[in-house]
Amino acid sequence: MSNDNNPKGYAHPQALVSTGWVAANLDNSNVIIVESNEDPLLYSSGHIPGAFEVDWTLDLNDPLIRDYLDRTGFEKLMSRLGATTDSHIVFYGDKNNWWACYAFWVFHLFGHTNCSIMDGGRLKWINEQRPLSTDAPFANHSTYTAPERDDSHIRAFRDEVIAHVKKQGQLVDVRSPEEFSGARTHMADYPNEGALRSGHIPGAKSVPWAKAVNPEDGTFKSFSELAELYQTTQNLNPSEPTIAYCRIGERSAHTWFALKYLLGFENVKNYDGSWTEWGNSVGLPIEKP
Amino acid sequence: MPYPEPIQEFIENIALIDDRAERVQVLIDMGKSFQPPAIEKPYPAENRVPGCESEVYTWVNLNTQSTLDIQIVVDNPQGLSAMAMAQLLLEGLQNHPPALANLIDEDLVAKTFGPELSMGKSLGLTNLVRQIKAQALKLA
């Protein structure tokens with residue numbers, strides 16, 4: 001599957017762009033670069049010239065209930081970015097694009113699928129000594145008309161996960177091995193990952209999210225390496241419905257991206273309720289090795 | 001009970017800043033003023049702050065005046081929030097008697113960064129505060 005345009009052989013190579021591609025497209029008016037980080041200080045300390053910040057708390061989450069922004073909120077966000085429905089949104093960020101993939105996933109809930117991840121993220125851009133700016137980006141506010149958020153295709157809710165477990169469906173737990181096993185790695189008096197119970201959802205395969213990434217430069221591993229990791233080692237079938245989860249759905253958005261766009265899994269959902277919902281819910285089954 | 005004076009002054013000042021960008025800039029400046037100690041790798045696992053993805057290590061000893069000699073390594077050039085928290089703790093506790101650490105509590109993270117931290121980031125920074133406090137109070 002690999003060729004000059006797709007050297008790593010991905011199923012949907014357009015979902016990834018290189019740092020070089022971004023550098024060459026800084027003045028492309030159809031490309032909007034978005035930085036999304038866990039660390040709230042990083043963007044303001046220096047970002048890709050012209051890049052906007054999308055903060056997961058302020059921009060993507062509902063301020064009151066545990067949910068994402070609604071259609072009006074998304075339209076307002078896209079207007080701030082100067083985006084149209086044709087705009088190509090390129091996400092990057094810290095932690096090997098963990099939060100960038102999360103933002104990518106939320107944008108897909110609103111049907112904005114012309115999105116890519118900058119492979120290697122913020123750290124690769126910096127390590128290549130590419131330019132950074134502290135200037136606020138400018139955009140003419142646009143008029144963006146979004147559809148209602150559609151959670152049905154890529155987002156899983158608790159009851160769906162329960163049914164999936166009963167059918168012995170494929171689940172990927174992307175947390176650390178210690179979180180998966182239920183070992184208490186936290187400090188005294190601190191609830192384990194914000195949940196009352198530890199362990200994992202029955203039947204889940206443990207594949208920590210960062211295993212999809214080359215540790216030396218933060219880029220995604222090749223198709224063949226990812227296939228070895230998920231399909232050969234864990235026996236996950238790309239044709240079978242698959243649900244990924246972590247603690248609150250951010251790390252699992254990274255795995256969702258790798259499974260769906262890089263490996264081409266046909267039906268992958270992110271269970272954003274994840275362990276903070278499952279491990280706190282009364283009566284739900286939990287497995288410990 | 002107020003925090004040690006430099007910390008109390010910092011959180012009172014930052015609480016007056018309504019503009020998020022301005023508040024972030026104050027924290028960036030705090031993080032950039034952090035000077036890493038010259039400690040060679042590998043760092044001992046027992047000194048690592050649990051739950052802190054930035055890989056933070058702390059050492060707390062007494063100097064010849066029986067006051068605190070705190071060393072903090074943030075083993076991640078992108079760990080700016082951890083550097084800011086580390087610098088704030090150093091400004092409040094370095095070269096002071098260990099018992100002063102009694103004035104530190106976990107609310108310091110929220111008072112410094114506001115409510116917009118992720119759960120993981122908040123946990124990591126809180127554990128940094130806890131670890132420094134625990135290591136200091138062992139010497140009191």
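A salt bridge here is a side-chain nitrogen of Lys or Arg within 4 Å of a carboxyl oxygen of Asp or Glu. By that criterion, this predicted model holds 24 salt bridges over all chains.

**Nonpolar cores**

- The largest nonpolar core has 60 residues, and the ones with the most contacts inside it are A:Leu81, A:Phe91, A:Phe107, A:Phe220 and A:Phe257.
- In chain A, two or more residues each come from the strands β2 (31-35), β4 (88-92) and β5 (115-118), and from the helices α3 (56-60), α4 (71-80), α5 (98-109), α9 (223-232) and α10 (251-262).
- Helix α5(A) gives the most to this core, with 11 residues.
- This core lies between domain 1 (13-127) and domain 2 (158-278) of chain A, because both of them give residues to it.
- Another core, of 41 residues, lies apart from the largest one; among its members are A:Leu42, B:Phe10, B:Leu80 and B:Leu93.

- A:Arg122 pairs with A:Glu35 in a salt bridge whose closest N and O atoms are 2.7 Å apart.
- This pair links distant parts of the chain, with A:Arg122 in helix α6 (residues 121-127) and A:Glu35 in strand β2, 87 residues apart.
- A:Arg122 has a relative accessible area of 4% and A:Glu35 one of 0%; since buried means under 20%, A:Arg122 is buried and A:Glu35 is buried too.
- A:Glu179 and A:Arg251 also meet through their side chains in a salt bridge, at 3.0 Å from N to O.
- Here A:Glu179 sits in helix α8 (residues 177-181) and A:Arg251 in helix α10, so the pair links distant parts of the chain that are 72 residues apart.
- Both A:Glu179 and A:Arg251 are buried.

**A salt bridge between loops of chain B**

- The side chains of B:Asp75 and B:Lys41 form a salt bridge, at 3.2 Å from N to O.
- B:Asp75 lies in the loop between β2 (68-74) and α3 (80-93) of chain B, while B:Lys41 lies in the loop between α2 (20-32) and β1 (56-62), so the pair ties together parts that are 34 residues apart in sequence.
- B:Asp75 counts as partly exposed, at 25% relative accessibility, whereas B:Lys41 counts as exposed, at 54%.

**A salt-bridge network**

- In chain A, a network of salt bridges links A:Asp67, A:Arg149, A:Asp151, A:Arg155 and A:Asp272.

Terms used. Residues are numbered from 1 along each chain as its sequence is written. Chains are lettered from A and ligands numbered from 1 in the order in which they are written. This is a predicted model: local features need pLDDT of at least 70, side-chain atom pairs count only at pLDDT 80 or more; totals for chains, interfaces and linings use all residues. Side-chain values use heavy atoms; hydrogens and water are left out. A nonpolar core is a set of buried Ala, Val, Leu, Ile, Met, Phe, Trp, Tyr and Cys residues joined through side-chain atoms within 4.5 Å. Buried means under 20% relative accessible area, exposed over 50%, partly exposed in between (1.4 Å probe, protein chains only). Helices (H or I, at least four residues) and strands (E, at least two) are DSSP runs, numbered from the N terminus. Domain bounds come from an automatic or database domain assignment.
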